[in-house]
Amino acid sequence: MSSPGYTQVPPDSLKSPHLSTFAQAQASPLPTHNVSYRNGAGSPPPHLSVLHALTSRPLRISAWGLAIVSLLVVAAHFPSSSTSGSRRLGLGSYASLGAWKSSTAGSRKLESNEALMDPTFTVDEKTGLRMPPDVYAAALNPYKRANAAMVSLVRNSELGAMQESMRHIEERFNRKFGTDLSALRWVFMNEEPFTEEFKSGVLGMTRSEVHFAQIPPEHWSYPSWVNQTYAAEERQKMVDENVIYGGSESYRHMCRFNSGFFFKQKVLEPFDYYWRVEPGIAYSCDLDYDPFLFMQANNKKYGFTIALYEYERTIQTLWSTVREFVGLHPEYVAQNNAVDFLVDNHQGIDGRYNLCHFWSNFEIGDMRFLRSQAYQDFFEHLDQTGNFFYERWGDAPVHSIAAALFLPADEIHFFGDIAYTHNPYTHCPIEDSLYTSGKCNCDRQRNFDYDGYSCYNRWKVLFG
């Protein structure tokens, strides 16, 4: 069912030209799909008044008090033109630079942005990167959103673990960015139909719009050129050698799907950016800015939190296949790429792969990169070998190698301030201020960054 638009008008006492999220929320055009809302499948959420939406939180604020606070917050984002030497880029100066327009060139139009203002950015003094504004309450977030979705490949049996992941995402991030149409959508995909129990279970965890999609059989099956008898024999060899997931067919289908097909799903066609969310993960620090706006403003295409070594037994011929592809298509290799992250001693593509990769169970990325001709040709070349099934090629090294070769290194970003756990590894931010301000409760003793099995230090030395 397509998403209907609806209008929500605040009481007169709260009307402000800068609180445009309350003026009118217009749904983005989305494909006809299984679309459900928090209050039930196929029906829009109830029209909550502004006061109801705000006072549903523990902190109760009067209408007049909220209006005053709102105006103060907005004023803080629009410093006087007489301010000299300020590093804040106000709306007027930022727009005059054309930076927002250039950073959104080629993006799909997000209709719900029409009623919102352009975000103001501050320049980080350490990195020189433009930072989106911190947002502490959905009601005071008048900034336009990037066209993005939370994306999860999940089974019905993983409902409990998925709810736990959603609880972390919603509490640490998504609820700050609005309700229903103004918050980020959730997209759930499964090779089997979702049960009503699963649907109602995840709908109860979010105020956002939720989409469910079943993966078409051609994206979760053996292609015609794969010898399934030989594939079974190779799986058994891995079982005998105690290789993790060595005997699993479904794991191989998952890796192939995430490598070459997830971003082609019809349910994701309207979106530019994705945040991959696995069942059973945890986030232990607040995220008060929009990472998608950060990606957009700084022309980042791929973001990670953990980097580590791959099991060599599972990708024995991957690097030779990559080198073969680069020989056929040298035009796809980016200038100033990150090949040195993959190969030791600056040997380039001719060197031996050191097995470093970004752990893709967390990734924030631009699907326009994955939909590019370079990546499409790359995946097709890999897929024709059959080694997603004969070996056990994972989507993590596939995504990592593609990003490192076909993107400039400065378009890949380490999200050091996102505290993330996927057993058995944890990334914790190192800045003390995040812990003294109450934003973080990450156990820094568990930080994997400088573990001997981590590749993060290699990235840091090479690219900062």
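Strand β16 (residues 420-422) and β17 run antiparallel and are joined by 3 bridges, where strands are DSSP runs of E of at least two residues, helices are runs of H or I of at least four residues, and both are numbered from the N terminus. Two strands are taken to pair if DSSP finds at least two bridges between them. Within this pairing, His422 stands opposite Tyr425 in β17. The two strands belong to an open sheet of 3 strands in the order β10-β16-β17, with antiparallel pairing. Its edge strands are β10 (282-283) and β17 (425-427), each of which pairs on one side only.

The structure is a predicted model, in which local features need pLDDT of at least 70 and side-chain atom pairs count only at pLDDT 80 or more, whereas totals for chains, interfaces and linings use all residues. Residues are numbered from 1 along each chain as its sequence is written, and side-chain values use heavy atoms, with hydrogens and water left out.

**The chain as a whole**

The chain holds 17 helices and 17 strands. Of its 464 residues, 57% count as buried, a term for under 20% relative accessible area, with exposed meaning over 50% and partly exposed in between (1.4 Å probe, protein chains only). The accessible surface of the chain comes to about 20000 Å², and 51% of this belongs to carbon and sulfur atoms; such areas come from the Shrake-Rupley method with a 1.4 Å probe, and for residues only the protein chains shown count as cover. Among contacts (heavy atoms within 4.5 Å) with a separation of 6 or more, 79% are between residues 24 or more positions apart.

**Strand β6**

In strand β6 (residues 148-153), 6 of the 6 residues are buried. Ala148, Met150 and Ser152 point one way from the strand, while Ala149, Val151 and Leu153 point the other way. In a regular strand the side chains alternate between the two faces of the sheet. β6 pairs in the parallel sense with β9 (residues 273-276) over 4 bridges, and Met150 stands opposite Trp275 in β9. It is also joined to β7 (residues 185-190) by 5 bridges, again in parallel, and here Leu153 stands opposite Met189 in β7.

Ser454 is found in the loop between α16 (432-436) and α17 (456-463), and it counts as buried because its relative accessibility is 9%. Leaving aside residues up to four places away in sequence, Ser454 touches Ala307, Leu308, Tyr309, Phe448 and Asp449.

Glu324 lies in helix α10 (residues 318-328) and counts as partly exposed because its relative accessibility is 48%. Glu324 and Leu382 are 58 residues apart in sequence, yet their C-alpha atoms are 10.0 Å apart in space.

The table lists polar contacts of these two residues; a polar contact is a pair of N or O atoms within 3.5 Å, where within protein one must be able to donate a hydrogen and the other to accept it, and residues adjacent in sequence count only if both atoms are side-chain atoms.

| Side chain | Partner | Distance |
|---|---|---|
| Glu324 | His381, side chain | 2.9 Å |

**Tyr245**

Tyr245 is placed in the loop between α7 (228-240) and α8 (249-260), and it counts as partly exposed because its relative accessibility is 45%.
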